[in-house]
Every structure is written in structure tokens, then in C-alpha cells.
Amino acid sequence: MTAFEGFPEVCSTEQTSSPEAFEYWEELVGGAITEVSIAPTVDGPFEGQIRSADFGEVAVGTVRVQGHELRRTRRHIARADELHVLSSVVLGGGAEVEHAGNRVVLTPGSMIFYDTARPILWRSNAMIEDLTIRVPRQRVVDYLGIRADALPAGMVIGEGGVGFTLARFFQRVAELHRTDPQAAAVLAGSGIDLVGAAAVIAAGAQPGESQALALSGQQVLDYLRANFTDPGLTVDRIAQACRVSRRTLYRLVEEFEGGLGAMLRGLRVERARKLLESAEIGSIAMVATASGFASERQFYRVFREATGMTPGEYRMVARRRPVAR
């Protein structure tokens with residue numbers, strides 16, 4: 001099972017016999033990411049799973065697969081209908097890569113860029129999991145305003161930071177795709193700013209204003225999702241933690257209806273709904289505290305405005321629903 005449950009397209013070698021597994025895996029990777037050749041590096045049956053989603057210009061895939069060697073050769077490049085830039089974040093395991101004159105070792109949290117117009121040699125000797133974002137090569141060149149040979153191919157951003165910010169962003173895109181594909185496609189398009197910012201950083205330069213704002217915006221969202229259950233969370237604390245001014249913070253969240261306050265209330269109400277539905281916590285007061293509300297009275301007021309029911313009424317209705325089997 002991969003880290004992201006939301007991808008609508010799921011393919012696996014699980015039902016494929018071992019002699020055919022590598023050929024089938026080549027087809028899966030070629031369709032979801034880019035055309036390559038695959039060879040084993042470990043003994044025993046080969047297993048791999050890929051989850052992918054296409055959002056027009058942006059395609060996203062998560063892969064969990066046993067050790068293998070992957071090659072993209074000039075033969076693959078010559079027959080390609082379209083070339084891409086790939087940005088890949090390692091979620092677990094590791095690999096060795098030779099690409100565009102660079103030799104690098106990938107570890108969990110590191111992020112690398114590939115230019116599919118150039119050969120790639122990639123090797124892993126054990127299970128690895130990663131997330132890859134694919135964008136048309138010319139789109140990235142035009143967006144960054146650089147020559148194609150200046151793309152940051154084979155360049156790596158270290159553990160954490162931008163790589164995991166991208167991974168979390170596209171996880172949310174994939175989750176949204178299940179319920180609102182059109183909204184997910186719009187959100188994925190805005191992710192080009194994040195990919196562009198990461199590419200600029202990988203090349204050793206400073207992101208432009210729009211790219212820097214995209215990164216800061218995702219950092220704010222990540223911080224809010226990690227800390228919204230703290231009832232003492234303030235604007236100053238959020239700004240300080242995300243290393244932005246109050247003014248910039250408000251600018252980053254102004255696209256959300258109701259601003260920062262509405263975002264926090266939405267996160268807290270959603271947590272409360274899940275707790276009430278699961279019967280994980282007994283009393284309403286404890287649900288209020290666990291969801292980040294400063295008081296039970298505030299919880300009742302905000303929850304009723306959001307759902308049209310009191311917490312108690314919502315819990316009664318939720319627990320009467322038939323259990324899915």
C-alpha cells in the first residue's frame with residue numbers, strides 16, 4: 001500500500017507471473033511516467049504498485065516497488081511523442097542515479113529532477129517508494145524563462161523542505177480528485193508554481209515572487225494542518241513559525257473565503273465530525289478540546305453554523321447510519 005490513498009488509477013504486478021512482471025512494469029511506468037527499460041536487482045518474485053492521476057498539464061504518480069534497475073536510453077528518447085520534466089520525491093528507501101552528468105544517492109526526503117530528453121540510469125537494491133510529478137518539458141522551460149539545456153536535470157534538493165511540501169500538496173490534489181475532479185485539476189495547475197520554485201532552488205537560484213509565495217502558502221497550510229487542534233494558536237505564532245510577516249500571512253490566505261479564521265474553523269469542524277462519527281471520544285466537551293476549540297460554548301456555536309446541527313444531534317444521526325460492508 002502506498003502513502004497516498006486518493007489516486008484513482010491503481011495498477012499492480014501482483015496478479016502477474018514473475019517472468020512477465022518486468023515487462024508489465026515497464027508498460028505501467030511508461031504509461032504513467034515515461035518510457036523506460038526495467039531489469040531486476042533482487043532475487044525472487046517481483047512486485048510493484050503504481051497509483052497515478054492525470055490533471056492535464058500535470059500528472060502525478062506514487063510508486064512502491066521492489067529493487068530494480070531502470071534505464072531511459074537514447075532509443076526511448078528518439079521515439080518519444082512528448083518530453084517532460086519529472087520531479088521525484090523519495091518517500092521511503094533509496095536509489096542511485098546517473099543523469100545529465102550527475103551521480104547522486106537518493107534517500108528518504110530528497111527530491112531530484114529528471115529531463116526525459118536525456119538518458120537516465122536509476123538503480124535500487126531494495127523496496128523503494130516515491131512520488132513523481134510530470135510536467136511537459138516546454139511548459140517548464142517557458143515558465144522559468146530558461147534554455148532547455150539549463151534545466152536542473154540530475155540536481156537534488158536535500159531531505160525535507162520543498163520536496164515534502166510538494167508531496168503533501170499533490171497528496172491533497174489526489175484526495176480531492178475523488179470528489180471533485182474539476183477542482184482537483186485547477187489546484188494541480190497551481191502546483192506548477194511549486195514545481196517551478198523547486199526547480200529554481202535545485203539550480204542554486206532564488207525563486208521569483210510568485211514561486212516564493214506558492215511555497216510559503218503551502219508551508220502555512222502544512223503548519224495549520226499540524227497545529228489547528230491547539231486552541232491557543234494565534235496569527236503571530238503562525239507567522240513566526242512560517243517565517244513570514246503578518247501582512248504576508250494574510251495575503252497568502254486571502255484566496256480562501258473567510259480568510260485564516262475560516263480555514264481554522266473548517267479544520268476544527270472536520271476533526272470534530274470525524275470524532276463524533278467514530279465514537280473515539282465520549283463526551284462533547286472532550287471532542288471540543290480535541291478539535292482545538294477554546295470552549296464548549298464556542299464549539300456548539302461554530303459546529304451548528306457549519307452543519308446545521310448541534311454536536312449531539314450530529315452524533316446521533318451519524319451513529320444511526322448503516323455501516324458500510
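Ala, Val, Leu, Ile, Met, Phe, Trp, Tyr, Cys and Pro count here as nonpolar, Asp, Glu, Lys and Arg as charged, and the others, Gly among them, as polar. This is a predicted model: local features need pLDDT of at least 70, side-chain atom pairs count only at pLDDT 80 or more, and totals for chains, interfaces and linings use all residues. Residues are numbered from 1 along each chain as its sequence is written, and side-chain values use heavy atoms, without hydrogens or water.

A cavity is a set of points, on a 1 Å grid over the protein atoms alone, where a 1.4 Å probe fits but cannot get out; its lining residues have an atom within 4 Å of a point. Points are joined across faces, edges and corners, and volume is the space filled by probe spheres set on them. The count is 2 cavities of 30 Å³ or more.

| Cavity | Volume |
|---|---|
| Largest cavity | about 260 Å³ |
| Second largest cavity | about 40 Å³ |

The largest cavity is lined by 17 residues; closest to its centre are Ile33, Leu70, Trp122, Asp130 and Thr132. Its lining divides into 12 nonpolar, 4 polar and 1 charged. Elements giving two or more residues include helix H1 (18-32), strand S5 (68-72) and strand S11 (128-136). S11 gives the largest share, 3 residues. Helices (H or I, at least four residues) and strands (E, at least two) are DSSP runs, numbered from the N terminus.

Val135, Arg139, Val140, Tyr143, Ile192, Val195 and Gly196 line the second largest cavity. Helix H3 (137-144) and helix H5 (181-202) each give two or more of its lining residues. That lining splits into 5 nonpolar, 1 polar and 1 charged.

Methods
On a 1 Å grid over the protein atoms alone, a cavity is a set of points where a 1.4 Å probe fits but cannot get out, and a pocket is an open set with protein on both sides within 12 Å along at least five of seven lines; lining residues have an atom within 4 Å of a point.
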